[in-house]
Amino acid sequence: PHISTIKQCMEAGKLIPDNLMTRLILDRLRSRDCQERGYILDGYPRTLAQAQSLQDAGISPDVFLLLNVRDEDAIKRVIGRRTDSKTGHVYHLEYNPPPNDPEILKRLIIRSDDTVDSMKVRLKQFRANVASVENWYREIKREVDGSSSPSEVSRDIDATLKQMRKRKQRV
């Protein structure tokens, strides 16, 4: 039953309802591998209600990373994304093009929500919610320039996480 709700939301570029998203995330975070190895939440929490639900469940993130990217760049990144339906490998037509292999090119699919219109809706929702989530995590929030190359963004994220780990060890 949740699959159809999730699919409808994604196709419309809307957020999955907070209660459903939180239930899915909490179930996953309680799994053994997350408990033993840790986890990264990408794009969650997106709303204040989701952040509060994490706290209510006794989950406190170590760091809240905000990747700053202009809307135009975010849209460009999403609409160029392609996924190999067989391997799950994600390509980007400009930044990480697929091999010029007819078999692979035939298998590439576009997510139903990877459209300009869906992205505009998603970005509007993001802008409406981000300030409250940022404020909730203000003590652990760190910003990274997400407009650089993938290797530079990765390097900056790594440096930020190392800095936060050192800070946590001192406390």
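Tutor: A residue counts as buried under 20% relative accessible area, as exposed over 50%, and as partly exposed in between, using a 1.4 Å probe and protein chains only. At 4% relative accessibility, Asp-113 is therefore buried. The model is predicted, so to speak of local features requires pLDDT of at least 70 and side-chain atom pairs count only at pLDDT 80 or more, while totals for chains, interfaces and linings use all residues. Residues are numbered from 1 along each chain as its sequence is written, and side-chain values use heavy atoms, with hydrogens and water left out.

Student: Which residue meets the side chain of Asp-113 in a salt bridge?

Tutor: A salt bridge is a side-chain nitrogen of Lys or Arg within 4 Å of a carboxyl oxygen of Asp or Glu. The side chain of Asp-113 meets that of Arg-111 at 2.8 Å, N to O. Arg-111 is partly exposed, at 35% relative accessibility. A network of salt bridges links Arg-81, Arg-111, Asp-113, Asp-114 and Arg-122.

Student: How many salt bridges does the count come to?

Tutor: The count comes to 16 salt bridges. One of them joins Asp-158 and Lys-162 at 3.2 Å, N to O. Helices (H or I, at least four residues) and strands (E, at least two) are DSSP runs, numbered from the N terminus. Asp-158 and Lys-162 both lie in helix H8 (residues 150–170), 4 residues apart, about one turn of the helix. Asp-158 is partly exposed at 34% relative accessibility, and Lys-162 is partly exposed at 43%.

Student: In what order do the strands of the open sheet stand?

Tutor: Two strands pair if DSSP finds at least two bridges between them. Here 3 strands form an open sheet in the order E3-E2-E4, with antiparallel pairing. Strand E3 (90–92) and strand E4 (108–109) stand at the edges with a single partner strand each, so one side of each has no neighbour in the sheet. Strand E2 (residues 81–84) is joined to E3 by 3 bridges, and Thr-83 stands opposite Val-90 in E3.

Student: Which helix lies across E2 and E3?

Tutor: Axes are lines fitted to C-alpha atoms, for helices over the stretch in contact (heavy atoms within 4.5 Å). Angles run from 0 to 180 degrees between N-to-C directions. Helix H5 (residues 71–79) lies across E2 and E3 and runs at about 25° to E2.

Student: Which residues touch the most other members of the largest nonpolar core?

Tutor: A nonpolar core is a set of buried Ala, Val, Leu, Ile, Met, Phe, Trp, Tyr and Cys residues joined through side-chain atoms within 4.5 Å. Of the 15 residues in the largest core, those touching the most other members are Leu-29, Leu-54, Ile-59, Phe-64, Tyr-137 and Ile-140. Two or more residues come from each of helix H2 (18–29), helix H4 (48–56), strand E1 (64–68) and helix H7 (116–136). The largest share, 3 residues, comes from H2. Another core, of 5 residues, lies apart from it and includes Ile-75, Val-78, Met-119 and Leu-123.

Student: Is Thr-47 buried or exposed?

Tutor: At 7% relative accessibility, Thr-47 counts as buried. Thr-47 lies in the loop between helix H3 (32–37) and H4. A polar contact is a pair of N or O atoms within 3.5 Å; within protein, one must be able to donate a hydrogen and the other to accept it, and residues adjacent in sequence count only if both atoms are side-chain atoms. Such a contact, of 3.0 Å, joins the side chains of Thr-47 and Asp-18. Pro-45 has its place in the loop between H3 and H4, and the peptide bond from Tyr-44 to Pro-45 is cis, with omega near 0°.
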